[in-house]
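Here's a quick briefing to read with the viewer open. Have a look at the model first, then work through the topics below.

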Amino acid sequence: MGRRSPTGSGPGVSGAGGSGRGAPGAGALHSRDLLRVAFGPSVVALVVIAAVVLVQLVAANSDLTGTLGAVASMWLACHQVPVTLAGQQLGVLPLVPPALLVWATARGTAQITPPNGSWFVLRWIVASAVGGPVLLTAVSLAVVHDAASVITVLQTPNALHAFGSVLTVHLVGAVAGVGSKAGRRELARLGLPDWLTDTVRPAIIGVLTLLALSCAVVAGSLVVHWSTMHELFGLTDSFIGQLSLTALSVLYLPNVVLGTAAVAVGSSASIGFATFSAFTVFGGDIPAVPILAAAPTPPLGPVWVALLIVGAAAGVALGQQCARKPLPVGAAFAKLAVAALLAAGSLAGLAYFGGGQLGNFGHVGVDQATFAPAAFFWFFVIGGLTVVLAGGLRPRPKPVPRPDAPAAEGEPLTEPIRLGVESDDPDLDPDTERVPTADPAQRTEPEGEPEPESDPDPDPASEPEPVPPPPVRP
């Protein structure tokens, strides 16, 4: 009989989810998997960033002084840590790099999470996915601090903000990966209702629907403002410059889509003094990035009010997912409220990470005071109507009446004989109501008819035999 693996997943199966190897190598395999989850996504990001920095330096005919500081700063920027150059803070960072890091962390943790792993094993997986990036954050801060002594325009970012951003990015990915394999089991162990685990899918579908429709709106706006985008690309004649503008536009596309989603639900987005909403637009200076050509220009036409249809469509998508499993009224609306809250909270978190300070332009982002409540309104109200119309409410079952208890032994039956009903028993008086009993000997006889004391026709077999007289002595 094979030895049991350290994670308790069975003989001959490693704690990494059952790779089929023998028990002697199970501990080593599990350690390699933890190391891969801890450092895999971060190291891959470092390699890609180093390659991009070297290409940019070589293309600009610059020396390699401060290369390590630039790589470390960009690695921190991929985790939404603001970069400060010459006193100007770049806080609006692209959302594509942290989204890729979250996806990579979630995928790696999901691969090594055993379906029946203990809580101790799950904690080790999450701690490994977070501990490796935190260690690299400390190294990156030290490298940037050292490079800042040589490159005077580079400043060391706030350490607390750096650790918090890196921890948040990888913790979200780790929880998502582990939760996809063991989340339902852990919630059931805590005694939470079953429908609570079914709120994640509607929230994801609602958020993705809102962002996808907002992306379509951005594409249509770019077509309408094609001449403006062409002028922004014409600011540089070099191939490297236009390639950099294209890459920058692609990286900042999720940020622009998120601002469009804020406008679609009734909130507003701003780039410095320029403010955009579904009802009004205030002009202002915007950065010369081609993707920002999608921003509307005043005066605002009535076509932008049609953006509210996007928010309603996202609420319908969330409501349809909640209605897939009909529930009683209370549970159905509780499930809808939790899903809407998750979706609105996710959008608020994305908006927080996708905004920030942009040098002299000022703050760039969405109005956080109205974005999350407006998104929750569309998801809950329109989603609630969809749940009702799509048959997501299950009526409560009617109480089943309890059957009458049978009569006890020797207890008279309770059903009387109705008046005027003919009976086969000649002893019953038709003018009176009689209640038959279980024992015929206990039946009530009518008055005036005394019961005979003896049987008029006794059975001869039951009579005693005559006793002969005693003999007479002579």
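Helices here are DSSP runs of H or I with at least four residues, numbered from the N terminus. With that in hand, Phe120 and Trp124 both sit in helix 4 (residues 119–148), 4 residues apart, or about one turn of the helix. Keep in mind that this is a predicted model. The protein has 474 residues, and 37% of them are buried.

**Overall picture**

- Of the contacts with a separation of 6 or more, 68% are between residues 24 or more positions apart.
- The accessible surface comes to about 27900 Å², and carbon and sulfur atoms own 66% of that.

**Confidence**

- The average pLDDT is 79, and 77% of the residues score at least 70.
- Residues 1–29 have a pLDDT below 50, and beyond near neighbours in sequence this stretch has 42 contacts in the model.
- Residues 437–446 also have a pLDDT below 50, with 7 contacts in the model beyond near neighbours in sequence.

**Aromatic pairs**

- How many aromatic pairs does the structure hold? There are 4 of them.
- Phe120 and Trp124 make an edge-to-face pair, at 6.4 Å centre to centre and with 70 degrees between the planes. The label edge-to-face applies because planes over 60 degrees apart count that way.
- Phe120 is partly exposed, with a relative accessible area of 48%, and Trp124 is partly exposed too, at 45% relative accessibility.
- Phe376 and Phe380 form a stacked pair, 5.6 Å centre to centre with 5 degrees between the planes. This pair belongs to helix 12 (residues 368–389), where the two residues are 4 apart, about one turn of the helix.
- Phe376 counts as partly exposed at 27% relative accessibility, and Phe380 is partly exposed with a relative accessible area of 28%.

**Salt bridges**

- The structure holds 2 salt bridges.
- Arg36 and Asp33 meet through their side chains in one of them, at 2.7 Å from N to O. Both residues lie in helix 1, 3 residues apart, about one turn of the helix.
- Asp198 forms a salt bridge with Lys325, and the closest N and O atoms are 3.5 Å apart. Asp198 is in the loop between helix 5 (159–189) and helix 6, and Lys325 is in the loop between helix 10 (308–322) and helix 11 (329–354), so the pair ties together parts that are 127 residues apart in sequence.
- Asp198 is buried, with a relative accessible area of 16%, while Lys325 is partly exposed at 46%.

- Val44, Val48, Val52 and Met74 make a nonpolar surface patch of about 320 Å².
- Which helix gives the largest share of the nonpolar patch? Helix 1 (residues 26–59) does, with 3 residues.
- Met74 lies in helix 2 (residues 67–77) and is partly exposed, with a relative accessible area of 36%.

**Buried residues to look at**

- Thr109 is found in helix 3 (residues 96–112) and has a relative accessible area of 0%, so it is buried. Setting aside neighbours within four places in sequence, Thr109 is in contact with Val37, Ile125, Ala129, Gly173, Ala174, Gly177 and Val178.
- His225 sits in the loop between helix 6 (200–224) and helix 7 (226–233). His225 is buried, with a relative accessible area of 16%.
- What does His225 touch, leaving aside its neighbours within four places in sequence? The contacts are with Ala293, Ala295 and Thr297.
- Gln80 has a positive phi of about 65 degrees although it is not a glycine. Gln80 lies in the loop between helix 2 and strand 1 (83–85) and counts as buried, at 6% relative accessibility.

Technical notes: Residues numbered from 1 in each chain as written. Predicted model: local features only at pLDDT ≥ 70, side-chain atom pairs only at ≥ 80, totals over all residues. Heavy atoms only, no water. Buried < 20%, exposed > 50% of the residue type's maximum accessible area, 1.4 Å probe, protein only. Contact = heavy atoms within 4.5 Å. Areas by Shrake-Rupley, 256 points an atom, 1.4 Å probe, with all protein chains shown as cover. pLDDT = per-residue confidence, 0-100. Phe/Tyr/Trp six-rings, centres within 6.5 Å; stacked < 30°, edge-to-face > 60°. Patch = residues over 30% accessible without salt bridge, like charges linked within 9 Å, V, L, I, M, F, W, Y side chains within 5 Å. Salt bridge = Lys/Arg side-chain N within 4 Å of Asp/Glu carboxyl O.
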